[in-house]
Amino acid sequence: MPDVSRRSLLQLAGFGAAAGVSALSARTLAHQDHADAAQHAVHNMGAVGRVSTERFDPGAYLTSFNGSHLPADERARFYTETPRPDGSRLREYRIVAVDREIEIAPGIFFPAWTYNGQVPGPTLRATEGDRVKVTFVNQGSHPHSIHFHGWHPPEMDGSLPDQQVMPGATFVYEFDAEPFGLHLYHCHTVPLKRHIHKGLYGAFIIDPKTPRPPADEFVMVMNGFDTNFDSDNEVYAVNTVAHYFMHEPIKVRTNTLVRMYVINVTEFDLINSFHLHGMFFDVFRTGTSVASTESTDTLMLCQGERAILETRFRYPGQFMFHAHQSEFAELGWMGMFQAEGARRDT
């Protein structure tokens, strides 16, 4: 049976339950001709159907910092903060590695390795000078670790062979939060590409001591999934679920500052990108400066690169955003902003 394109995979994905797509023989699903009729249809792309948000909600993840979306008792098991005499805070986290199957497109499930049962892991947020203490428990089936981008002593790096945390073991990472900026954390156990690709990563934000201006803030992690383990991604997304924000546009207010924390953790592809229609945004690469480095509508990022993007929506309506690698967009990395409010004609 002839191969199908990766694009055809998601065009067919919504029929996974009926057609056995979730079994994911990604390049032997059907004849190429089956998808040709829809190939030139306007925006006739992406998965059909919806993914359950019971275990992981990409929309809630956008605005969840230190588990802020969780009920108070559940959050307290994951995160606590204690004021210190100098005005900073001790921020304590409990992160558990666990194997879990996640749904990345309707009917398509991926055998993930997760932090706290989700991909990406929870967003950690501190202020420069805070003390960060992370109790890491490995309940997974393989050795794992956590490597934080930023300043820390070498024994806290989580990268060397003797820094692996074996299944059933616990390790405590502790360091001062610096420098301010947009960072990330991820497993650094070899083979590194497998541990990152399987889902062991998350956002780590360190705010400057003098806060940035108030804004509507969103965390957007660009990721991909190799569903048949041939070192070639079949599904792309922002916050894991393909085309989620096409169905559930991100709501913003016109004339209000919008701040996006954008991180690329896509494995197997050398570069990923973020493009916003009808808009320009100011770029703060790595977020380690309060001065913008450029104003653009398209940003390219290698794996591990990240940037803070700021903009104001001048007009109400829907604004598309997506990777400017067209294949990535068609395979899941596309969404919408819904701007609501008055128009500004300047």
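1. Helices (H or I, at least four residues) and strands (E, at least two) are DSSP runs, numbered from the N terminus. The model is predicted, with local features needing pLDDT of at least 70 and side-chain atom pairs counting only at pLDDT 80 or more, while totals for chains, interfaces and linings use all residues. Residues are numbered from 1 along each chain as its sequence is written, and side-chain values use heavy atoms, without hydrogens and water.

2. A pocket is, on a 1 Å grid over the protein atoms alone, an open set of points where a 1.4 Å probe fits, with protein on both sides within 12 Å along at least five of seven lines; lining residues have an atom within 4 Å of a point. The largest pocket holds about 580 Å³ of space, a volume being the space filled by probe spheres set on the points, which are joined across faces, edges and corners.

3. The lining of the largest pocket comprises 23 residues, and Leu70, Glu74, Asn116, Gly117 and Gln118 lie nearest its centre. At least two lining residues come from each of helix 4 (58-62), helix 5 (72-78) and strand 2 (89-105); strand 2 gives the most, with four residues.

4. The second largest pocket has a volume of about 210 Å³. Among its 15 lining residues, Ser52, Arg55, Phe56, Ile102 and Glu103 are the closest to its centre. Strand 2 supplies the largest share of this lining, four residues.

5. Four strands form an open sheet in the order 4-9-8-6, with mixed pairing (two strands pair if DSSP finds at least two bridges between them). Strand 4 (124-127) and strand 6 (147-148) are at the edges with a single partner strand each, so one side of each has no neighbour in the sheet.
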